[in-house]
Amino acid sequence: MTSIDLSRRNLLRISGLFLLTGVASCTTAPRMSSTPSDGEDETATALPLVNQLRAKNGLAALRVDPAASAAAIYQAKRMASAGKMKHLMGMADSFGARVTKSGVQLPAAENIAAGQQSVEAAVTAWINSQHHLENMLGRYNGLGVAVAHNTSSRNIPYWAMVLSS
């Protein structure tokens with residue numbers, strides 16, 4: 001009977017290894033659409049709106065941060081390509097790692113939105129959301145804002161704002 005138990009035990013071990021191998025080889029990255037999204041830097045239009053909000057709250061004005069703009073364009077494009085409004089896409093995704101690849105100084109913050117037809121509408125949506133408002137009123141110095149569309153997702157605008165130190 002011990003030889004049967006050993007065989008079952010070995011069978012279970014082998015089955016477990018195959019299961020782990022299968023899970024380890026799964027991708028956690030979102031499946032991107034074959035239709036590429038465009039990405040537009042909207043920082044110049046958003047900056048006065050955000051700085052007006054900050055001035056009303058006694059805070060210093062933000063400046064255009066090219067690295068934050070690049071990070072915002074990247075995030076807006078990947079959301080549009082995936083057809084999803086999400087900060088993180090996949091288990092291995094990391095906000096900090098993603099924005100520092102664009103050269104953003106940490107600490108940093110990100111606001112995202114989808115469906116707004118203008119920069120003004122996106123900024124208004126963020127102002128009306130407590131957590132997003134807190135980000136815009138945070139201890140940041142730089143700003144980048146972008147929008148991206150994807151024709152395969154009904155041309156929905158996907159917005160990203162990155163605030164940098």
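This is a predicted model: local features need pLDDT of at least 70, side-chain atom pairs count only at pLDDT 80 or more; totals for chains, interfaces and linings use all residues.
1. Starting with the sheet: strand β3 (residues 109-114) and β5 pair in the antiparallel sense, with six bridges between them.

2. How enclosed is β5 (residues 158-164)? Seven of its seven residues are buried, so the strand is largely enclosed by the rest of the structure. Both faces are covered: Tyr158, Ala160, Val162 and Ser164 are buried on one side, and Trp159, Met161 and Leu163 are buried on the other.

3. On to the helices. The axes of α2 (residues 43-56) and α5 (residues 119-127) come within 9 Å and cross at roughly 30°. With angles under 35 degrees counting as roughly parallel, α2 and α5 are therefore roughly parallel to each other. Their crossing is right-handed.

4. Which residues make the contact between α2 and α5? From α2 it is Thr45, Ala46, Leu49 and Leu53, and from α5 it is Val119, Glu120, Val123 and Ile127. Sorted by class, that contact has six nonpolar residues, one polar and one charged.

5. Last, a loop residue. Ala61 sits in the loop between α2 and β2 (63-64). Is Ala61 buried or exposed? Ala61 is exposed, with a relative accessible area of 56%. Ala61 and Leu47 are 14 residues apart in sequence, and their C-alpha atoms are 8.8 Å apart in space.

Conventions:
Residues are numbered from 1 along each chain as its sequence is written. Side-chain values use heavy atoms; hydrogens and water are left out. Axes are lines fitted to C-alpha atoms, for helices over the stretch in contact, and angles run from 0 to 180 degrees between N-to-C directions. Helices (H or I, at least four residues) and strands (E, at least two) are DSSP runs, numbered from the N terminus. Angles under 35 degrees count as roughly parallel, over 145 as roughly antiparallel, 65 to 115 as roughly perpendicular and the rest as oblique. A crossing is left-handed if the near helix is turned anticlockwise from the far one by less than a right angle, and right-handed if clockwise. Contact means heavy atoms within 4.5 Å. Ala, Val, Leu, Ile, Met, Phe, Trp, Tyr, Cys and Pro count as nonpolar, Asp, Glu, Lys and Arg as charged, and the others, Gly among them, as polar. Buried means under 20% relative accessible area, exposed over 50%, partly exposed in between (1.4 Å probe, protein chains only). Two strands pair if DSSP finds at least two bridges between them.
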